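Reader: Could you walk me through the geometry here, with the criterion behind each label?

Author: Happy to; let's look together.

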Amino acid sequence: MNSAYIASIVNSTLRSTTPILLAALGCAMCNRVGVFNIALEAQMLIACFCSIVVNFFTGSILLSVLAGITSGALVGAVVAVLQVKYKAPDMVIGTSLNLLINGATTFLLYVIFGLRGRLVDERLVPMYKINLPVIKDIPFLGRVLENLTILDYLCYVIAIVLFIFLFKTVAGYRTLSVGINKEAAESLGTKGTRIQMAVVVLSGALCGLGGTALSMGQVTMFTENMTSGRGFIAMAASSLGMSHPLLVIFSSLFFGLCQGIGLALQNVIKSQLTMALPYIATVVALVLFSRRTATGKLRKS
């Protein structure tokens, strides 16, 4: 295994991490305010679809990204109203939205384009790939950072900004207090329900950005059920990262690495096995995390 091959895997890891990290950050924010949001898959998938539709009809990357963010935020708003304001069961709302958006995107793909399965068209404008001027000429590092998009870099900036907001600002402390004890926070004048709803909408926007990165990152296309469980992988990444924005980066990179290795091994091992690798890693990681959490609780007791 030479350095070029390793650099290729790392590059694939970074690209695969972006949509997972953005959705995991959204999930982490929801966890921080005490909202269990399992509609991440729906928020990502609707963004995949809307960003490609806007791209097809306008040819504008900016409008496509905004469409992805907005559509994800709108689904997040539905979750906020039903789950936070009206106290609907989280499993029912999340599962229903995941199934609804999956069916709706398939239906709209046929209604708008008369297609089944996927939309691939030469009129779709790919997102601009960034090759840093000096770094691109460095043998190993240049290959690692080759052809990444602005979203591949932006996701790490967002994680740092969320960390600063949560743990270094007054508004962040108020947000955390809602998740720790909503009643106590509200007794001090904090608008608990309003903060929870705002955070869920923000989560939808982050998932929307993740969905946009998925459909317009390295490939510019839409396929039915394009997210393929990445929303649930993001939930696992958030749990492994203990809903801490900086730790979520590393847990998301772990799942991105699993996907990168899977892609690298496609020519060596049957694709059915390599495609299953991220999901196997998700199950194993969650089992280990659950055992560690349970052991910690036993020691404290």
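Predicted model: local features only at pLDDT ≥ 70, side-chain atom pairs only at ≥ 80, totals over all residues.

Reader: What makes you say that the charged end of Arg116 sits over the ring of Tyr110?

Author: The charged end of Arg116 is 4.4 Å from the centre of the Tyr110 ring. The label asks for NZ of Lys or CZ of Arg within 6 Å of the ring centre and within 35 degrees of the ring normal. Residues are numbered from 1 along each chain as its sequence is written, and side-chain values use heavy atoms, leaving out hydrogens and water.

Reader: How many aromatic pairs does the search of the whole structure find?

Author: The search finds 6. One of them joins Phe57 and Phe113, with 5.9 Å centre to centre and 20° between the planes. Rings of Phe, Tyr and Trp (its six-membered ring) pair if their centres lie within 6.5 Å; planes under 30 degrees apart count as stacked, over 60 as edge-to-face and the rest as tilted. The Phe57 and Phe113 pair is therefore stacked.

Reader: Why is the pair said to tie together parts that are 56 residues apart in sequence?

Author: Because Phe57 lies in helix H2 (residues 40-58) and Phe113 in helix H4 (residues 90-113). Helices here are DSSP runs (H or I, at least four residues), numbered from the N terminus.

Reader: Why is the pair of Phe163 and Phe167 called tilted?

Author: The ring planes are at 40°, with the centres 5.5 Å apart, so the pair is tilted. Both residues lie in helix H6 (residues 150-168), 4 residues apart, about one turn of the helix.

Reader: What makes H7 roughly perpendicular to H9?

Author: Helix H7 (residues 170-180) and helix H9 (residues 192-216) pack at an angle of about 100°, with their axes 10 Å apart. Angles of 65 to 115 degrees count as roughly perpendicular, under 35 as roughly parallel, over 145 as roughly antiparallel and the rest as oblique. That is why H7 is roughly perpendicular to H9.

Reader: Where is Lys87 found?

Author: Lys87 is in the loop between helix H3 (61-85) and H4. Its phi is near 60°, a positive value in a residue other than glycine.

Terms used
Helix = DSSP H or I, 4+ residues; strand = E, 2+ residues; numbered from the N terminus. Axes fitted to C-alpha atoms, helices over the stretch in contact; angles between N-to-C directions.
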